[in-house]
2 protein chains.
Amino acid sequence: MAIAKGSARQRILQSAHALFYRRGIGAVSLDAIAEQAGVTKRTIYYHFESKDDLVASYVASRDQPNIDFYESCFERAPGSLPDKIEAMFTEIGRQSRGPRWQGCGFLRAAAELIDTPGHPALKAGARHKKRLEVWLASKLSDTFTPADAESLARQVSILLDGAFSVLLIHRDAAYAEAAGKAAAILIKERALLRNEAV
Amino acid sequence: MAIAKGSARQRILQSAHALFYRRGIGAVSLDAIAEQAGVTKRTIYYHFESKDDLVASYVASRDQPNIDFYESCFERAPGSLPDKIEAMFTEIGRQSRGPRWQGCGFLRAAAELIDTPGHPALKAGARHKKRLEVWLASKLSDTFTPADAESLARQVSILLDGAFSVLLIHRDAAYAEAAGKAAAILIKERALLRNEAV
DNA sequence: GAATGTATCTTCACTGGTCGGTATACTATG
DNA sequence: CATAGTATACCGACCAGTGAAGATACATTC
């Protein structure tokens, strides 16, 4: 009510994002989301079929913004290819220091929903991670063959998810640095092997 | 009631482990645990202060068994140091194919409880991950200096958590292989740098 | 341009069920 | 009989989901 007419759906999604990411999916009631969005619960059920549907929409809505975040990290960073990749890890480490940072929302959603196989939010999360891997490969394919780019993209994405997980547990940005350095070493090592310049 | 295999407390912990790991902490009620343990809920409250206390005890009880698992992977595997490390990843990939596998229980517990700072289960999880990293360093310190062993142990533990996370999402053992190969490369590369034989 | 019909959006009030936790009493054993 | 452990039965809080009706916007008709 009040703020912006005709955007109830958007406000619901925003509130869902804020609360689900902060407290976890199971820990947040639709009443809480409704209150934060300035809407009654019944309105949520007008725009979304069920809580599961809202959860899936929330996860799907984070796909593009997250890709954009990595893209901006990568493009903004100075230096060579491994430097730019390493900068992504540094930025994640920097973010992990913030009081509102709670790790990777996709990973946490997957961890929570894993025993409801076929949940649309799980599929949306998997799609996102796959897209991120493809995006990484595209950045690497300027220097490497498609096969090498894909293989390296996979290793880097594993290091990214590892960094998120460890950071969530230890809250120590040194782990992000270690992961970034590992990624850079793997890239340089592969370039050396192929006699490519990086 | 039930087949009193072991004390009630032990059965409660075992049921908690089975259900919490399978379905997640928030999704499992004490009633469900009581039923599976062949005990009433009141008995749970005799042995544990609260659900949070039971959760913390569950996490803490998985510490040693998990370390033992890695130890056995490592010792059983043939070959050189990087081969043995890589074998740990291969084994995780093999396990991820099983229908009851649901990723790393410590990571999933942390993901779910992250918004209750100071939760004893979070501390128990962090202690476990720290112990695992120290254990890895001890295995590496036969070959490397303490500083290199610690640095490599950190990178390997990040790859382990990354493998768990990605496997949870994609259920594709190829990711475990990729992570294992990355770990082996990092170790070999470091050995080369130090003129150490592996 | 005023009146009316209609589909869209939102609210209030409610339900059936589940959950964490508890008061109290019973039982087995040494 | 004293203590540790277990059972029955219950509570208040909360939660996902719903029924029915009120509000709003917009198109149609005269």
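**Salt bridges first**

I started with a pair in chain B: B:Lys41 forms a salt bridge with B:Asp31, and their closest N and O atoms are 3.5 Å apart. This links distant parts of the chain, with B:Lys41 in helix H3 (residues 41-47) and B:Asp31 in helix H2 (residues 30-37), 10 residues apart. I noted that this is a predicted model, so my entries describe a prediction. How exposed are the two partners? B:Lys41 has 34% relative accessibility, so I put it down as partly exposed. B:Asp31 is partly exposed too, at 45%.

Next I looked at B:Glu133 and B:Lys130, whose side chains meet in a salt bridge at 3.8 Å, N to O. Both sit in helix H8 of chain B, and because they are three residues apart, about one helical turn separates them. I reminded myself that an α-helix has 3.6 residues a turn, so residues three or four places apart point the same way. Buried or exposed? I found B:Glu133 buried, with a relative accessible area of 10%. B:Lys130 is partly exposed at 36%.

In chain A I found a network: A:Glu71, A:Glu75 and A:Lys139 are linked by salt bridges. Over all chains, the search of the whole structure came back with 24 salt bridges.

**Between the chains**

How many salt bridges run between chain A and chain B? I got two. One of them pairs B:Arg22 with A:Asp115, with 3.2 Å between the closest N and O atoms. B:Arg22 lies in helix H1 (residues 8-23) of chain B and A:Asp115 in the loop between H7 and H8 of chain A, so this pair joins two chains. I logged B:Arg22 as partly exposed, with a relative accessible area of 29%. A:Asp115 is partly exposed as well, at 22% relative accessibility.

Then I took the interface as a whole. I found 37 residues of chain A in contact with 37 residues of chain B. The area buried between them is about 3300 Å², and carbon and sulfur atoms give 68% of that. I also counted polar contacts across the interface and got 15 residue pairs.

Which helices of chain A take part? H9(A) gives the most, with 12 residues. By type, that side of chain A divides into 18 nonpolar, five polar and 14 charged residues.

**Chain A overall**

I stepped back to look at the fold. Chain A comes to 10 helices and zero strands. Its C-alpha atoms fill a box of roughly 60 × 35 × 30 Å along the principal axes. Of its 198 residues, 56% are buried. Taking contacts in chain A between residues at least 6 apart in sequence, I saw that 68% join residues at least 24 apart.

**A look at H6**

I picked out helix H6 (residues 81-95) of chain A, which has 15 residues. From first C-alpha to last it reaches 22 Å, close to the 21 Å expected. What do its buried residues pack against? I listed helix H5 (63-76), helix H8 (120-140), helix H9 (146-170) and helix H10 (174-194) of chain A. Among the buried residues are A:Leu81, A:Ile85, A:Glu86, A:Phe89 and A:Ile92.

A:Glu86 got its own entry: at 15% relative accessibility, A:Glu86 counts as buried. Leaving out residues up to four places away in sequence, I found A:Glu86 touching A:Gly180, A:Lys181 and A:Ala184.

B:Lys129 is in helix H8 (residues 120-140) of chain B. I have B:Lys129 down as buried, with a relative accessible area of 7%. Its contacts beyond four places in sequence include A:Ile169 and A:His170 in chain A, along with B:Cys104, B:Phe106, B:Leu107 and B:Asp161.

B:Ser157 is in helix H9 (residues 146-170) of chain B. B:Ser157 is buried too, at 7% relative accessibility. I found B:Ser157 touching B:Glu133 and B:Leu136, again leaving out residues up to four places away. B:Ser157 and B:Glu133 are 24 residues apart in sequence, yet 6.2 Å apart in space, C-alpha to C-alpha.

Terms used: Residues numbered from 1 in each chain as written. Chains lettered and ligands numbered in written order. Predicted model: local features only at pLDDT ≥ 70, side-chain atom pairs only at ≥ 80, totals over all residues. Heavy atoms only, no water. Helix = DSSP H or I, 4+ residues; strand = E, 2+ residues; numbered from the N terminus. Expected span 1.5 Å × (residues − 1). Buried < 20%, exposed > 50% of the residue type's maximum accessible area, 1.4 Å probe, protein only. Contact = heavy atoms within 4.5 Å. Buried area = accessible area lost by both parts, 1.4 Å probe. Salt bridge = Lys/Arg side-chain N within 4 Å of Asp/Glu carboxyl O. Polar contact = N/O pair within 3.5 Å; in protein donor to acceptor, adjacent residues only side chain to side chain. Nonpolar A, V, L, I, M, F, W, Y, C, P; charged D, E, K, R; others polar.
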